[in-house]
Amino acid sequence: MSDYTLKRIFLGGTGEMHLLSTGQSEYLYKPAVRKYTNIFEPFRGIVQECGYEVQKIVDPDTAVVCKYVECDGLRGSVQERIKTLPDARDYSHVQFFDEDFTTSEVNQFLREFVTDYLLCNFDSHGDNFIVDENGVIRGIDKEQSFRYLKDPESEKPSCDYSPNWSYGTQEPIYNLIFRRYSEGVLNIDFNVLDKYMKRVEAVDNDTYREIFRPYCEACSIAFGSNSEEMLDKIVLRKTNMRSNIVEFYSNLTEMRKAKGK
């Protein structure tokens, strides 16, 4: 990139972050370095762009633009700075205080769930969702995508799988929503999930696979992993998406019925 300025900013526990201004637009730039260090790890920035590509498949209207670029000699992710609703709900607060969700919120989180399921992203707690100036919920920060790809427990949706608990991080917000559905506290329209899954299924596996090739090759260099095997797992997650989500939803529905709801 050229003709821009960078200013260091601090946003919670996201690690090093800069405000990038081109004079006309503003972006958030995050160097692809290990948290609290200067150790360059390209996969951290590349996977953010992969997350954007998946969001575009699921719903291009709500995808948060994110690209892997070079700024001041260091590569990282540049994300569009979303104008947010001043009085929007804080979903970390919603989780902590066990507040209710509206039907619109549930439907939007179902959209985000499909994205995060495909990305094997369990860093999907309330802090990683914002509400834009039009009142639309949008998922951000996909750096942890595929971190738990090798964990068998990550393969199928769950109401209680939360591998980041040990780091003091809130569970994925979807866990709370799906538990409430199983308890009869809120309703979930499967047709919403179906709509987004169909969009994913419309993308052929070879095209989908190539989205993640740069990321898997970067992981291969960093960890000595087999990039093709990793790509196989990512594509298999897409292939099994519908059967796994349908099975999960059916199980939750049976639990709900058992409670007489």
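1. Let's settle one term to begin with: a residue is buried if its relative accessible area is under 20%, exposed if over 50% and partly exposed in between, using a 1.4 Å probe and protein chains only. With 17%, Tyr-249 therefore counts as buried.

2. A word on the source: this is a predicted model, where local features need pLDDT of at least 70, side-chain atom pairs count only at pLDDT 80 or more, and totals for chains, interfaces and linings use all residues. Numbering runs from 1 along each chain as its sequence is written, and side-chain values use heavy atoms, leaving out hydrogens and water.

3. Now the rings. Those of Phe, Tyr and Trp (its six-membered ring) pair if their centres lie within 6.5 Å; planes under 30 degrees apart are stacked, over 60 edge-to-face, and the rest tilted. That rule gives 16 aromatic pairs. Phe-178 and Phe-248 have ring centres 4.9 Å apart and planes at 80°, so they are edge-to-face. Phe-178 and Phe-248 are both buried.

4. Tyr-249 has a ring partner too: Phe-190, at 5.1 Å centre to centre and 45° between the planes, a tilted pair. Phe-190 lies in helix α5 (residues 190-201) and Tyr-249 in helix α9, so parts 59 residues apart in sequence are tied together.

5. One aromatic cluster includes Phe-109, Phe-113, Tyr-117, Phe-178 and Phe-248 among its members. Do look at helix α3 (residues 103-118) as well: 13 of its 16 residues are buried.

Conventions
Helix = DSSP H or I, 4+ residues; strand = E, 2+ residues; numbered from the N terminus.
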